Amino acid sequence: MPRKPTRHHRLLPVQPLTFSPFARSVARVATAYLVKHYLRDAPLKSAGDEFKEKLEKVDRQSESSEDEEFDGVVQADFAFFDPKPDDFHGVKTLLQSYLDNKQWDLSGFVDLILGQTTVGTVVKLEDDEDNAVFSVITALNLGRYKDHKCIAELKEFLLNISHEKDKIGNLRSLLGDKAQNVGLLVSQRVVNLPPELLPHLYDALFDEVSWATEDEPTEDMRKSFHFKFYIVVSKIYKRKNANQKRPSTTDKDEALIYIKPEEEILHKLSMWSFLFPLQTQQVATHELTGIVMAVKAENISSFQQQLHTLINES
């Protein structure tokens with residue numbers, strides 16, 4: 001049965017959740033911009049894209065500007081829904097740069113996400129005539145969908161960007177003989193989605209994965225949700241020359257800046273990970289970098305607990 005939409009009514013103070021003065025500035029500027037222009041333009045830029053557009057401007061701001069607060073308030077009634085065909089264009093927009101600038105079967109990938117209605121969530125404003133999608137989250141079994149063109153192209157992309165000898169064997173295994181137990185964890189959203197929603201989104205996803213192991217109509221489908229591993233493909237900001245020795249400095253910027261705060265937790269819990277360059281325009285001091293992470297399913301409960309703690313304490 002279709003799930004009733006989960007409603008989250010709130011008066012939303014705009015408070016960016018990040019982990020360094022530099023990142024706080026970026027999030028604050030990007031969030032303020034979106035709050036100012038949402039009602040007029042209803043933007044649907046992904047978190048990474050919006051983050052990048054504001055980064056170059058913030059990169060030149062003074063330390064004093066980093067302490068300024070944007071005190072705007074937005075009234076928004078967010079609701080969680082099962083994916084459905086009407087969400088195609090909204091989800092495709094969010095995932096437009098999921099594999100950097102690679103030309104691939106993105107439409108087919110979105111169709112897989114929307115076709116898996118028992119596991120996956122889209123977030124929209126309640127009673128929004130434009131049906132704008134603010135977030136999508138799901139987990140796709142790489143073995144179950146291995147014959148789909150989009151999954152074959154995604155696997156090819158991941159293998160082509162992996163150049164670390166100690167990682168490529170592990171990656172090949174997860175994409176090959178272990179693929180039936182691997183879930184591709186896909187989570188993308190607009191930059192100003194309230195962080196308070198994140199624990200609920202991830203809890204809903206992993207609850208649905210657990211229920212699917214018992215409730216799906218066939219044994220093969222039930223088995224397809226017995227994940228042992230998750231693969232995450234995302235983007236972070238890395239300080240240029242971060243790996244080189246630098247003289248003593250008062251610069252407090254971290255070498256890595258996580259666009260999505262939950263991905264710092266996933267990164268720490270991962271079995272292995274690697275970075276890869278993106279074919280995107282870079283800014284002066286920080287470069288947008290791709291990251292691939294592999295996380296054991298047994299660590300997901302710890303991830304959920306840490307995410308709740310992070311959001312509650314922010």
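These questions and answers walk through a predicted protein model. Residues are numbered from 1 along each chain as its sequence is written. Local features need pLDDT of at least 70, side-chain atom pairs count only at pLDDT 80 or more, totals for chains, interfaces and linings use all residues, and side-chain values use heavy atoms, without hydrogens and water.

Visitor: How many helices and strands are in the protein?
Guide: Both are DSSP runs, numbered from the N terminus: helices are H or I with at least four residues, strands E with at least two. On that count the protein has eleven helices and nine strands.

Visitor: Is Gln 116 buried or exposed?
Guide: Gln 116 sits in the loop between helix 5 (106–115) and strand 3 (121–125). Buried means under 20% relative accessible area, exposed over 50%, partly exposed in between (1.4 Å probe, protein chains only). Gln 116 has a relative accessible area of 4%, so it is buried.

Visitor: At roughly what angle do the axes of helix 5 and helix 6 cross?
Guide: Axes are lines fitted to C-alpha atoms, for helices over the stretch in contact, and angles run from 0 to 180 degrees between N-to-C directions. The axes of helix 5 and helix 6 (residues 149–161) come within 8 Å. They cross at roughly 115°.

Visitor: Which residues in helix 6 does helix 5 meet?
Guide: Contact means heavy atoms within 4.5 Å. From helix 5 come Gly 108, Phe 109 and Leu 112. Their partners in helix 6 are Cys 150, Ile 151 and Leu 154.
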